[in-house]
Amino acid sequence: ESEVPSCIARKVSQYSCQRKTTLNNYNKKFTDAFEIMAENYEFKENEIFCLEFLRAASLLKYLPFPVTRMKDIQGLPCIGDQVRDVIEQFTSVFGVGVKTSEKWYRMGLRTVEELKADKTLKLSKMQKAGFLYYEDLVSCVSKAEADAVTLIVKNTVSTFLPDALVTITGGFRRGKKMGHDIDFLITNPGPREDDELLHKGLLLYCDIIESTFVEEQLPSRKVDAMDNFQKCFTILKLYQPGIDNSSYNTSKKSDMAEIKDWKAIRVDLVITPFEQYAYALLGWTGSREFGRDLRRYASHERKMILDNHGLYDRRKRIFLKAGSEEEIFAHLGLDYVEPWERNA
Ligand code: CTP
Ligand code: MN
Ligand code: MN
Ligand code: MN
């Protein structure tokens with residue numbers, strides 16, 4: 001996914017005079033916030049912190065991608081401890097965007113504990129869930145947990161849609177042993193009866209985004225466009241009998257503290273029409289960087305527009321159908337790259 005490749009990290013100079021920084025800022029939300037904080041520190045005559053935020057802002061302006069989590073800044077210069085704290089404490093909470101983090105930070109809240117304790121904060125449903133299951137959600141999802149969840153999701157889906165295909169995508173399809181969530185693509189061949197699927201059971205937290213796909217609409221040209229599938233960012237309750245998680249919430253040993261025999265796990269469910277399945281699979285398998293470059297290659301080298309729904313040939317003015325990822329690579333004139341070779 002969007003890890004900074006070590007080759008880039010190694011090459012980034014700490015001196016902005018050795019970097020080429022255009023007005024193309026992918027991290028405006030962060031850099032605006034950092035500049036406000038720098039100004040605050042300037043007033044307080046704290047030159048060190050002031051400079052730290054200014055240098056970090058300048059570095060983020062140079063980065064050719066938006067920073068969405070800690071991995072993105074790994075190995076980069078100019079990211080001091082203060083800056084790292086701001087990025088870390090808040091990007092790690094499910095449902096909390098940069099704007100909100102920055103607001104909370106300016107309100108003087110520094111840690112997740114402080115945030116939890118502050119009863120005056122207005123939290124969205126998603127943010128409340130993010131805090132409620134924070135400890136679980138920041139710990140990674142293992143391959144074994146992904147396999148267990150796969151069984152549950154497949155079983156559940158098949159009771160509603162016996163013919164449906166459920167495929168694990170994201171990092172686990174690329175062979176990763178750990179992930180921050182588990183991604184599934186669900187499609188139902190034949191008549192479309194999948195609309196109701198997401199509106200049923202098994203979820204601790206669920207935020208359904210309805211499909212906004214419009215037939216015949218040209219693929220999006222944006223590099224990081226969200227697709228229009230019906231999707232659901234969920235938190236699933238995975239029971240792990242035998243694993244004693246009671247240390248999680250005990251303070252007094254004698255207390256009949258509830259033994260927590262489950263773990264909250266982030267799961268993304270994406271529902272796709274059968275005809276778009278191959279494109280959705282390619283898009284949702286990632287990595288994010290690989291997907292970006294596929295789209296860049298399509299438009300720059302082939303005059304085609306690729307997104308998670310399809311591929312449009314601008315010269316011939318037609319949509320190219322594909323029933324498999326192999327066909328999509330062939331349409332693009334590219335050698336096939338296996339999922340585990342897409343960890344760019
Ligand atoms: N993706 C997408 N559209 C979105 C969200 C994600 O096409 N709206 C794609 C991205 O290209 C990404 C893949 O789906 O590569 C999976 O997303 P994500 O779960 O964020 O990343 P992973 O690669 O699975 O890594 P992680 O282990 O951190 O989850
Ligand atoms: Mn994932
Ligand atoms: Mn992810
Ligand atoms: Mn995901």
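**The manganese site**

Tutor: The manganese ion (ligand 2) and the manganese ion (ligand 3) are separated by 3.8 Å. This is a predicted model, in which local features need pLDDT of at least 70 and side-chain atom pairs pLDDT 80 or more, while totals for chains, interfaces and linings use all residues. Residues are numbered from 1 along each chain as its sequence is written, chains are lettered from A and ligands numbered from 1 in the order written, and side-chain values use heavy atoms, without hydrogens or water.

Donors are N, O and S atoms within 2.8 Å of the metal (3.2 Å for Na, K and Ca); since water is not among the atoms, sites may look incomplete.

Turn next to the manganese ion (ligand 4). Asp181 (OD), Asp183 (OD) and Asp268 (OD) are its protein donors, lying 2.1 to 2.2 Å from the ion. Along the sequence, the donor residues of ligand 4 follow the spacing D-x1-D-x84-D. Aspartate 181 forms a bridge between the manganese ion (ligand 4) and the manganese ion (ligand 2), and these two ions lie 3.5 Å apart.

Finally, consider the surroundings of two of these residues. Aspartate 181 and aspartate 183 are both buried. Aspartate 181 counts as buried because its relative accessible area is 7%, and for aspartate 183 the relative accessibility is 8%, so this residue is buried as well. Buried means under 20% relative accessible area, exposed over 50%, and partly exposed in between (1.4 Å probe, protein chains only).
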